[in-house]
Structure formats: C-alpha cells, structure tokens
Amino acid sequence: MQPIIGLTTKQGDSEWIEGHSQNYLDRLNEFGAKPVILSPDYPAILPDGTAFEPDSMGRLPSRVLNHLDGLILAGGGDVHPKYFGAEMNGANPKAISQMRDELELSLAKEALARDMPIFGICRGCQVLNVAGGGGMVQHFDGHRSSKAKPIFHDILVEPNSRFYDLVGKERFPTNTYHHQGLDHETLAPIFDAVGVAEPDKWLVEAIESPQHHWVFGVQWHPEKLYELEDTHRKLWTDFVETCRMREKWVA
C-alpha cells in the first residue's frame, strides 16, 4: 500500500510549492508515499480528486485526516506567540502567518488525538510542541544559516529513547536554519527531549511522544538529504513505513 501523507505549507500555489516544498515532496516520492498538500489558502486535493476547502481562518476540516495515513508539519516562518500564551519577545512579525498557524495547530491537535504518525520538521517541531501544550524560545543567535552556506552541528541523542533506537547513534551532524526553538522549560508535558544541540545543550533538537505510535519532531531539515549523512534517511524510511502500517493499529 502506498501511504497518503499530508504535507503542510504556507501557500498552496504552484510557485510557492516549487520554491519551498519541493524537497519534502521529493523525499515522500523517493520513499514510496503519496503526498497531499495542506495549505490555508488552497483546497486539499486527495489522490481520488476529493477536495477539502479551508475556512476563512485557514483551517481545513478535521475530516481530511480520515483520508491520510500520516502528517508532516513542515518548516517555515515563526509561530505567533499568542498561541502559547506569550507576548512578542523575539519572534519576527513579518515571518508570521496566522492562517498557517491556525491550519497547522488545528491539524496537529487532531492528529495527536487520533494517534496519527506525525513528523514535525523545524517550524513543524515547534508547532507540534505548541499543539502539545508547550511554548518556545522566540529568538536566539548562532543557528540560522543560509541555503548557500549551511551551518552544521552535532546532535547528542538520549540513549534510552525510541529516537536512539531509530537512528542508532548517540551523536550525528545536522544542518541548522532556525532562530526559534525549544528548551526544557518550554517543552510540552507530553513530549520527551531526546536530542540536544552540541555545544548548546540547552537547545532541544529532537522530541518524541512516549504515548503515541510515531510522533517525532526535529529542529533541523532532514528533507535536505543531499547535504546530510545517511543517518537521516532512517527518519524517512521509518516514518513512511509506520504510515503504511497504521491501519493495523487503528482497525
């Protein structure tokens, strides 16, 4: 069975998708999944042609998840701090799309309630944490790099974790493109911190939910496999395979 996996994005037009979502689409196609774009401004079109329209706030109806086997919360701009009960304190107002926030937070909360496989990537890791009742550090220096000259640092993995079982290493290098993130204080109570940055060990780089079948968030961009080691491929193979097998635990 080819799993159908929803992929969130800020905009649904073809130009935006090509410029901002293509790496995710390439990975899903490479690993045998069928992607469905979920945006706040265009209908979500299923493989059979069924369409789901977003409302005026950008939210898709929750029943779209009935037709998906997994959900990717993709990278992007900043989350408005009002969604985690905070004032603006480093978030960039120009990088905020509240329609995207509404879309992703509503989908993430519903997907968590359904025990759907969720892969949160960079911003998506932050969205996942907020959906789980956590917050974030709105700004810090040293972790945002350009596409032309990416910065890399190591991740230190918690050895007694499902994440360690997945990647099979206590340390591996990642790229870094963010200025917001999580620390232990802002971590949602439903998540465990299973990876931290080296040398900035206060910065949580990977989270997992012990109460769900497959819910992980990572602060880096594993869809950019062309600039990463093979360890990152394991995230994609395991996620897609779990989505493929999901019907066995929801039946």
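How many aromatic pairs does the structure hold? It holds 10, where a pair means rings of Phe, Tyr or Trp (its six-membered ring) with centres within 6.5 Å. By plane angle, under 30 degrees is stacked, over 60 is edge-to-face, and the rest is tilted.

Quick housekeeping before the details. This is a predicted model, with local features needing pLDDT of at least 70 and side-chain atom pairs counted only at pLDDT 80 or more, while totals for chains, interfaces and linings use all residues. Residues are numbered from 1 along each chain as its sequence is written, and side-chain values use heavy atoms, with hydrogens and water left out.

OK, back to the rings. Take F163 and F172: their centres are 6.5 Å apart and their planes sit at 35 degrees, so that pair is tilted. F163 has a relative accessible area of 0% and F172 comes in at 2%, so each counts as buried; the cut-offs are under 20% relative accessible area for buried, over 50% for exposed, and partly exposed in between, with a 1.4 Å probe and protein chains only. Then there's W214 with F216, centres 4.6 Å apart and planes at 70 degrees, so we call that one edge-to-face. Both W214 and F216 are buried. And these four belong to one aromatic cluster, together with F119, W220, W236 and F239. Elsewhere, K224 lies over the face of Y177, 5.1 Å from the ring centre; the criterion is NZ of Lys or CZ of Arg within 6 Å of the centre and within 35 degrees of the ring normal.

Now the sheet. Helices (H or I, at least four residues) and strands (E, at least two) are DSSP runs, numbered from the N terminus. We have an open sheet of nine strands with mixed pairing, in the order β2-β1-β5-β6-β11-β10-β9-β7-β8; pairing takes at least two DSSP bridges between two strands. The edges are β2 and β8, each pairing on one side only. On average, neighbouring strands are turned by 20 degrees against each other, direction ignored. At the β2 end, five bridges join β1 (residues 4-8) to β2, and the two run parallel.

Two helices to point out here. α4 packs on the sheet, touching β5, β6, β10 and β11, with its direction at about 120 degrees to that of β6. α6, residues 233-245, touches β1, β5 and β6, at about 150 degrees to β6. Those angles run from 0 to 180 degrees between N-to-C directions, on axes fitted to C-alpha atoms, for helices over the stretch in contact. Contact is heavy atoms within 4.5 Å.

Is α4 enclosed or open? Nine of its nine residues are buried, so it is largely enclosed by the rest of the structure. Its cover includes α3 as well as β5, β6, β10 and β11.

Last topic, the nonpolar core: buried Ala, Val, Leu, Ile, Met, Phe, Trp, Tyr and Cys joined through side-chain atoms within 4.5 Å. The largest has 34 residues, and L38, V64, L128 and I207 touch the most other members. Elements giving two or more residues are β2, β5, α3, α4 and β10, and α3 gives the largest share, six. A separate core of 31 residues includes L28, C122, L166 and F239.
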